[in-house]
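Work through the exercises below with the structure open. Try each task before reading its solution.

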Amino acid sequence: MRYFLLLLRQSRILILFLALEGIALYWVVSVQSYPRAKFSSKSTELSGQLSEWQSNLESYLNLRLENEHLAQENANLREQLNQSLLIQNYGADTINDSILNQRYSFLSAEVVRSSHLKRDNFIIIDKGSRSGLKRNMGVIGPQGVVGVVAGVSSNFARVIPIINNSLTISGALAEEAYFGPVKWPGLNYRHTELTDIPRYSKVDSGAVVLTDGRSRYFPAGVKIGSVLKRELQADQNFFKLKLELATDFANLRQVYVVKDIFAAELDSLQNPVQP
Amino acid sequence: MRLVRDILIMILMVLIQAYFFDELLFFRYLNPYLYVYVVFSILIRYPRFWQLIMAFALGGFLDILEGSSGIHAGAAVFIAFAQPMLKGFWGPNREDTDDVPSLASMSMDRRLGFLFTAFFLHHFALFSLEQFGFGNFVDLLKQTFYSSLFSFTFVLLYQLWNARR
């Protein structure tokens with residue numbers, strides 16, 4: 001026993017080292033990876049509070065660019081209004097508006113903290129469970145897709161952006177409807193990759209990549225990016241497309257959280273409860 | 001009094017790291033992580049037990065500011081623990097009298113060699129914690145090497161400036 005105590009005393013530095021590394025490792029595992037996310041809402045709340053004042057200051061400095069983006073988005077939306085559409089069908093049919101049910105609702109939020117230079121980037125926004133946010137809701141910005149909500153505290157939410165190694169979403173070509181997984185290869189926050197596009201597709205640089213119905217968290221037709229170059233994958237049957245992201249993560253302030261009103265219904269189909 | 005001063009310096013260093021160095025970027029994705037220098041210059045004066053605790057606090061504080069969840073804490077504790085062995089590796093030279101040579105008592109070439117390996121090890125621990133694994137090993141080594149070179153350049157400038165005085 002005495003010997004044991006002596007041993008304990010001699011190796012107390014090693015034990016302390018192992019204990020501290022254990023704590024750090026637990027911290028890493030518990031927060032970092034998206035699928036395993038056991039979200040620590042306290043640290044988000046704290047880091048959100050600390051960043052808010054900084055973000056307030058920066059939002060003044062970026063006001064002009066932000067305005068430009070919003071104005072551009074307004075213009076895009078205006079194009080979709082009924083007033084700017086020409087009705088070419090006179091008289092013959094009745095127009096029954098009730099077939100259009102609201103499926104998505106949008107909630108605007110502001111980015112209070114974000115990173116874009118790391119391998120596992122994340123964003124914190126200033127809306128949380130009080131505003132009805134839940135995990136797995138999509139987040140889009142004025143320019144295109146941003147990411148998916150990974151965890152919420154009462155006033156803030158943590159978003160895993162598409163420039164994070166652990167998030168894969170589905171993207172489709174606007175022209176040809178071929179689709180594949182979009183996954184960030186790392187390093188450059190302006191670029192990402194879309195894989196598994198069949199070789200016989202006529203896609204070339206400049207083609208636009210959008211979300212489609214398979215993207216699950218997002219409405220169809222939100223821009224992901226545009227093709228920079230294509231190359232054959234190792235299996236020689238599919239293209240790997242290098243995309244330039246629509247969203248500039250270095251300059252992102254205003255985002256919209258997408259609430260899918262039919263999410264529960266879709267989930268019940270995807271994971272049916274066995275009778 | 002000295003303890004208060006040291007803690008203030010550490011807090012300042014973390015704030016500079018979080019709000020200045022993290023905003024710097026080099027070739028689009030390299031950051032210098034200079035706050036570790038505190039471990040070699042300040043923490044070395046304290047007993048081993050407190051070195052580890054303070055290294056954890058240092059890294060943990062930066063983690064909270066950056067929202068990076070534990071990676072800095074882990075890496076800082078690691079380098080604080082490995083420091084004496086590294087110093088042993090770079091060897092005491094004739095002027096050294098301490099058991100664990102402090103930076104000031106090492107000759108310049110040994111000091112720089114020590115600093116570079118220390119930065120390299122710290123960055124390696126940091127990046128492998130960040131990506132949580134060693135997959136993509138070549139990329140990991142590349143990023144570690146360039147980042148530590150980048151951090152080291154800053155420290156080199158500081159050391160040379162000090163040496164001239």
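This is a predicted model: local features need pLDDT of at least 70, side-chain atom pairs count only at pLDDT 80 or more; totals for chains, interfaces and linings use all residues.

**Exercise 1. Salt bridges in chain A**

Task: Find the salt-bridge partner of A:Arg190, and say where the two residues lie.

Solution: 
- Step 1. Look for the partner. A:Arg190 forms a salt bridge with A:Glu244, with the closest N and O atoms 3.7 Å apart.
- Step 2. A:Arg190 sits in the loop between β7 (179–183) and β8 (191–198) of chain A, while A:Glu244 belongs to strand β11 (residues 238–245). The pair links distant parts of the chain, 54 residues apart.
- Step 3. Check burial. A:Arg190 has a relative accessibility of 17% and therefore counts as buried, the cut-off being under 20%. A:Glu244 is partly exposed, at 29%.

Task: Which residue does A:Lys240 pair with in a salt bridge, and which strands are linked?

Solution: 
- Step 1. The partner is A:Glu193, and the closest N and O atoms are 4.0 Å apart.
- Step 2. A:Lys240 lies in strand β11 of chain A and A:Glu193 in strand β8, 47 residues apart.
- Step 3. Both ends are partly exposed: A:Lys240 has 25% relative accessibility, and A:Glu193 has 22%.

**Exercise 2. The interface**

Task: Describe the contact between chain B and chain A by residues, area and polar pairs.

Solution: 
- Step 1. Count residues. In chain B, 35 residues are in contact with 29 residues of chain A.
- Step 2. Take the area. About 3,200 Å² is buried between the chains, and carbon and sulfur atoms give 65% of it.
- Step 3. Count the pairs. There are 0 salt bridges between chain B and chain A, and 2 residue pairs in polar contact, both at pLDDT 80 or more.
- Step 4. Name the elements. On the chain B side, α3, α4 (71–90), α5 (108–131) and α6 (137–164) each give two or more residues. α3(B) gives the most, with 10 residues.
- Step 5. Sort by class. This side of chain B has 17 nonpolar, 10 polar and 8 charged residues.

Methods
Residues are numbered from 1 along each chain as its sequence is written. Chains are lettered from A and ligands numbered from 1 in the order in which they are written. Side-chain values use heavy atoms; hydrogens and water are left out. A salt bridge is a side-chain nitrogen of Lys or Arg within 4 Å of a carboxyl oxygen of Asp or Glu. Helices (H or I, at least four residues) and strands (E, at least two) are DSSP runs, numbered from the N terminus. Buried means under 20% relative accessible area, exposed over 50%, partly exposed in between (1.4 Å probe, protein chains only). Contact means heavy atoms within 4.5 Å. Buried area is the accessible area (1.4 Å probe) that two parts lose on being put together, summed over both. A polar contact is a pair of N or O atoms within 3.5 Å; within protein, one must be able to donate a hydrogen and the other to accept it, and residues adjacent in sequence count only if both atoms are side-chain atoms. Ala, Val, Leu, Ile, Met, Phe, Trp, Tyr, Cys and Pro count as nonpolar, Asp, Glu, Lys and Arg as charged, and the others, Gly among them, as polar.
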